[in-house]
Amino acid sequence: MIIPALELKDVESGYEQAMVLRGVSLQIAPGEIMALLGKNGMGKTTLLKAVIGYLPKRAGTVQVFGQDVTHWPAHRVARQRVAYSPQEQALFAELSIRDNLRLGLSSDKGFDEGYAAMTEHFPFLAGRLAQLAGTLSGGEQKMLVVARALMMRPRLILIDEITEGLQPSVITRLAASLRRERATHGTAMLIVEQNVGFALQVADRYSVLKRGEIVAVGATADPSAEQIINSQLQV
Amino acid sequence: MALLLDILTTVAILYAVASGLLLIFGVMKIINFAHGAFLTLGAYASLVASNLGLSPWAGVPLAILVGALAGMVVELLIMRPLYARPLDAILATWGLGMVIGQLITLAFGREVQFVASPVQGTVNVWGTDYSAYRLLLVVAAAVIGIGMAALLTRTRFGLITRAVIMNEQLARGLGIHSGAVRFITFSVGAGLGSLAGCLITPLSSVDPNMGIPWLMNAFMLVMVSGASMASLLLATLLFGAIQVVVSTYFSPILGGLAIVVLAAITLRIRPKGFARD
């Protein structure tokens with residue numbers, strides 16, 4: 001039996017009195033990329049925050065590679081080699097590129113090797129280690145966020161709307177990097193997106209979240225996937 | 001020349017006192033109003049070392065040890081349960097300061113006591129004879145400042161601490177145990193407060209309330225400095241110099257008010273004080 005990279009069972013979570021996730025269940029296999037789609041305010045970001053441990057779970061369980069992390073604090077979940085890239089304030093703007101990348105590792109050992117690998121993914125990083133992250137362009141900052149996530153050689157990556165506001169060329173590069181990472185290291189990914197085209201390009205499967213509930217699940221290779229997703233997003 | 005040396009040594013003392021408070025404020029986003037009590041603990045550690053007939057220098061490690069241990073206990077038992085309630089945490093440090101003051105009174109009495117300086121005599125600086133111990137304090141403050149800067153910018157622990165200061169939630173999502181960072185920081189900050197108390201002991205009397213005026217000045221300096229060691233140095237240089245000038249040429253009482261008044265005016269004009277935007 002294959003142990004899922006991520007498994008949510010009947011998860012309920014939210015902010016103080018507001019319940020956002022209402023019995024969410026989903027499963028991601030090792031090496032699988034799942035896109036989580038939905039309109040604004042449907043609970044996508046909340047789901048990622050619940051998985052990483054920022055939000056308490058009122059019901060249900062969260063397992064990462066078979067380990068029950070339901071009530072673990074965020075730093076313990078992350079140390080299971082779970083990389084989380086939030087949508088906003090995802091970088092330490094006043095720290096250098098080097099320091100942001102160092103924070104992706106549990107120790108400085110292995111930095112040179114990791115950095116060399118990241119310059120292959122994102123050539124703009126070469127020779128700019130001392131530059132402050134806050135001075136990078138929007139697209140470069142998003143790529144640095146992904147590079148930091150990949151530095152730790154994660155088993156599972158959680159990415160929140162990485163394509164928002166980016167040029168098509170940057171989106172294409174990010175898609176290529178994520179697929180290459182999966183192909184090379186078998187990394188599982190949960191990608192929260194509103195960009196359906198990017199989701200279909202990168203992911204193996206999709207889920208649609210509506211008002212805190214999963215309302216559709218399918219394979220992106222299914223010819224009717226885009227139609228199903230769009231119909232769910234329009235309702 | 002004497003005035004310049006007075007300014008230099010006053011700035012050094014203020015910086016030594018405020019640095020631990022700033023460290024705790026930077027990481028925990030709370031003002032530790034027990035800092036004055038930690039300073040007093042350090043002074044009494046120095047007094048105990050002196051009364052035991054130990055080397056005059058023995059007070060320094062003893063003060064650091066006492067302060068850091070007290071900081072560990074306080075962080076574990078008082079601060080940690082109040083992380084989610086910062087206002088309550090600040091009030092708790094205020095109450096804790098009073099409790100520590102009362103415990104010191106119980107143990108040592110209310111009377112004013114004195115500790116001899118480990119360094120006697122004067123040094124001639126460009127024609128001016130000046131207290132060797134006060135000059136030594138400049139070196140001590142420089143060591144504290146450089147040591148803290150090196151810790152924060154040259155070590156992995158410093159990087160992690162800066163990450164927690166800048167965005168604690170993001171840091172936790174990267175696997176950083178921010179609770180451990182808070183514990184270490186609070187302990188180091190308390191230890192620095194006690195060290196400062198030990199260092200200023202030969203310059204002033206020792207009594208259970210000696211930390212209060214130092215706390216007020218350090219508090220105002222931290223308020224105008226944000227969480228930056230460089231801003232703290234700038235604020236301390238500027239306000240410390242004015243304090244000495246006012247004390248020398250006008251009145252020591254007015255001089256004692258200078259930092260509080262200047263900080264209040266600065267914050268009124270520029271709410272961020274000396275911190276960068």
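Student: Which strand does β1 of chain A pair with, and in what sense?
Tutor: In this predicted model, β1 (residues 6-15) of chain A pairs with β4 (residues 57-64) of chain A, and the sense is antiparallel. Six bridges join the two.

Student: What stands opposite Glu12(A) there?
Tutor: Ala59(A), a residue of β4(A), stands opposite Glu12(A).

Student: And how do side chains sit along a regular strand?
Tutor: In a regular strand they alternate between the two faces of the sheet.

Student: How many bridges join β4(A) to β5(A)?
Tutor: Two bridges, and the strands run antiparallel. The strand β5 of chain A covers residues 67-68. Within that pairing, Gln63(A) stands opposite Asp68(A).

Student: How many residues are between the strands in that hairpin?
Tutor: Two residues lie between β4(A) and β5(A). In this hairpin Phe65(A) takes a positive phi, near 50°.

Student: OK, what about Glu161(A), what is its phi?
Tutor: The phi of Glu161(A) is near 45°, which is positive in a residue other than glycine. Glu161(A) sits in the loop between β7 (156-160) and α6 (168-185) of chain A.

Student: Is Glu161(A) buried or exposed?
Tutor: Buried, because Glu161(A) has 21 C-beta neighbours inside 10 Å, and the cut-off for buried is 20 or more.

Student: Where is Arg211(A)?
Tutor: Arg211(A) is in the loop between β9 (205-210) and β10 (213-219) of chain A. Arg211(A) is not a glycine either, and its phi is positive, about 50°.

Student: Why does Arg211(A) count as partly exposed?
Tutor: Because 13 other C-beta atoms lie within 10 Å of Arg211(A). A residue is exposed at 12 or fewer and buried at 20 or more, so a count in between is partly exposed.

Student: Changing topic: how many residues of chain A are in contact with chain B?
Tutor: 19 residues of chain A are in contact with 14 residues of chain B.

Student: Which elements of chain A give two or more residues to that side?
Tutor: They are α2 (74-78) and α3 (97-102) of chain A. The largest share comes from α2(A), with three residues.

Student: How do the residues on chain A's side divide by type?
Tutor: Ten are nonpolar, four are polar and five are charged.

Key:
Residues are numbered from 1 along each chain as its sequence is written. Chains are lettered from A and ligands numbered from 1 in the order in which they are written. This is a predicted model: local features need pLDDT of at least 70, side-chain atom pairs count only at pLDDT 80 or more; totals for chains, interfaces and linings use all residues. Two strands pair if DSSP finds at least two bridges between them. Helices (H or I, at least four residues) and strands (E, at least two) are DSSP runs, numbered from the N terminus. Two residues are in contact if their C-beta atoms, placed from the backbone, lie within 7 Å. Ala, Val, Leu, Ile, Met, Phe, Trp, Tyr, Cys and Pro count as nonpolar, Asp, Glu, Lys and Arg as charged, and the others, Gly among them, as polar.
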